[in-house]
Amino acid sequence: MPSTTTAALSGLVQAQLHSPSPIRQIMKMAERANIIAMGLDPAEVISFGGGWVNHAAPEEFRQAYLDIVGDPAVFHQSGAYTATLGDLGCRQQIARFEAHLFGVPRLGPEHIAVGLGSTQLTQDLFTTLVDPGDTVLLLDPTYANYEGQLAFVSSGVKIVRLPVLDPATWTYRPVSDPEGTARDFVRLFDEHRPKLVLFGAPDNPTSQIVPQALAELMLERTAASSAWLAIDFAYKCQYFETPPAYYAWSPADHPNLIGIHSNSKWARGLGRRLGWIEAAPHVIEGLERVQQCSILCPDTLEQMAMALYLARAIDDGSLRRYVDDTNVRYREAARVTLEAIDTHVGRRRLTPAGGLYTVMDVGRNADEFVPEALRATGVLVVPGRGFGPSIANGVRISFGPMVMTPDRITEGLRRLGAWMRD
Ligand SMILES: Cc1ncc(COP(=O)(O)O)c(C=O)c1O
């Protein structure tokens with residue numbers, strides 16, 4: 001007789017099923033079957049929803065994969081486990097990469113833990129650093145996944161948010177009101193004593209870069225209070241202006257500083273999962289213990305290809321050329337996006353300092369605006385609320401997926417603007 005009772009999921013998962021990632025919800029709405037059910041032609045839909053890049057990976061990187069899989073003995077080796085923190089050679093090359101591109105000094109393999117992309121690493125970093133009852137200070141708005149990731153680490157973590165988008169003026173406060181933002185940070189920090197302060201540079205969804213002075217204040221306060229400062233550098237290589245000096249900060253000099261890094265965006269390795277954490281050696285040791293349970297080891301093939309590619313591409317100058325050429329493309333896609341918003345939509349938006357996005361004011365609840373816009377125009381944008389309350393009346397517009405087809409950017413925003421002005 002088959003059993004009739006259904007065993008329960010964990011309480012934590014049940015609770016989280018009731019608060020799913022808002023971005024994933026929207027992306028589900030844009031799935032082919034839903035689009036057809038709405039009476040739209042999937043070929044006509046233009047999506048500004050995806051937080052992903054669409055330029056080609058370096059040809060020399062692809063060649064590194066070919067060299068590995070083309071040699072039976074080396075391919076065999078790529079099926080072996082590596083150390084839990086990653087292969088030593090790969091970690092050495094990552095340290096060279098950071099020194100070469102950004103001038104990060106005194107970084108060694110002892111400061112680096114390799115993992116399966118920054119999502120897994122961030123989750124394991126939270127496990128490494130945060131206890132139930134601790135407070136974490138995030139920006140408002142910021143990357144939507146942190147909240148769920150913190151909930152999965154412990155149900156008792158408190159989140160406080162530093163407002164960085166002023167919805168009244170649609171400006172990025174750390175630039176438009178640096179003193180006010182610094183005051184707010186100090187007030188929140190002193191009141192809540194966070195164990196961890198975390199921001200993205202550039203951030204998702206704003207594509208703004210926290211200025212040097214605010215980063216210094218955060219470093220100083222966290223260091224003086226035995227707290228951590230973590231910077232999510234998922235988009236570090238995508239900058240449209242000279243990066244601030246903290247892009248070269250090293251955990252060798254600042255033991256409470258942690259960098260979260262990813263191959264997803266710069267090398268278009270989104271699904272070839274590889275990322276790394278830069279931190280003081282005892283944080284890396286803590287992460288090693290966590291990764292022993294979460295992943296056992298990072299992907300060996302990805303590490304071998306990365307190490308081989310970097311060893312060649314740093315020496316022959318092709319890495320620098322690739323990053324520079326890619327930046328030209330994204331800067332141009334950002335320019336096309338802003339021009340199309342200004343010409344066709346006429347709404348307030350931020351000018352990206354890097355990354356893949358801008359955020360635009362739609363002047364009303366974006367949770368309602370987005371499905372209506374999709375039905376009426378076949379254009380998908382992401383409602384802001386999931387990134388933080390300050391952006392509930394705004395949407396994230398991602399130009400990353402259309403970096404190679406800028407005419408689609410213009411066409412999508414033309415359609416959206418025509419409907420909004422109706
Ligand atoms: C700020 C930020 N951090 C991390 C990630 C996830 O990156 P990964 O592919 O390395 O897991 C993203 C992806 O969009 C992101 O925007």
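One of the pairs involves Val-382, whose bridge partner in S14 is Arg-396. Two strands count as paired if DSSP finds at least two bridges between them.

S13 and S14 belong to an open sheet of three strands, in the order S11-S14-S13, with antiparallel pairing. Its edge strands are S11 (357-361) and S13 (382-383), each of which pairs on one side only.

## Basis of the model

This is a predicted model, in which local features need pLDDT of at least 70 and side-chain atom pairs count only at pLDDT 80 or more, while totals for chains, interfaces and linings use all residues. Residues are numbered from 1 along each chain as its sequence is written, and side-chain values use heavy atoms, with hydrogens and water left out.

## Surroundings of the ligand

The ligand is surrounded by 13 residues, and the closest are Ser-118, Thr-119, Tyr-235, Ser-262 and Ser-264, where a residue is near a molecule if one of its heavy atoms lies within 4 Å of it. By class, this shell holds three nonpolar, seven polar and three charged residues; Ala, Val, Leu, Ile, Met, Phe, Trp, Tyr, Cys and Pro count as nonpolar, Asp, Glu, Lys and Arg as charged, and the others, Gly among them, as polar.

A polar side-chain atom of Ser-264 lies 2.5 Å from an oxygen atom of the ligand, and an N or O atom in the side chain of Lys-265 is 2.8 Å from a ligand oxygen atom. For Asp-232, a polar side-chain atom is found 2.7 Å from a nitrogen atom of the ligand. Taken alone, the ligand exposes 400 Å², of which the protein buries 92%, with accessible areas from the Shrake-Rupley method and a 1.4 Å probe.

## Backbone details in loops

Most residues other than glycine have a negative phi, and most peptide bonds are trans. The peptide bond from Asp-140 to Pro-141 is cis, with omega near 5 degrees, and Pro-141 is placed in the loop between strand S3 (135-140) and helix H8 (145-153). A cis peptide bond also joins Ala-201 and Pro-202, where omega is about -10 degrees; Pro-202 is in the loop between strand S7 (196-200) and helix H11 (212-224).

Trp-170 has a positive phi of about 50 degrees although it is not a glycine, and this residue lies in the loop between strand S5 (165-166) and strand S6 (171-172).

Methods: Helices (H or I, at least four residues) and strands (E, at least two) are DSSP runs, numbered from the N terminus. A polar contact is a pair of N or O atoms within 3.5 Å; within protein, one must be able to donate a hydrogen and the other to accept it, and residues adjacent in sequence count only if both atoms are side-chain atoms.
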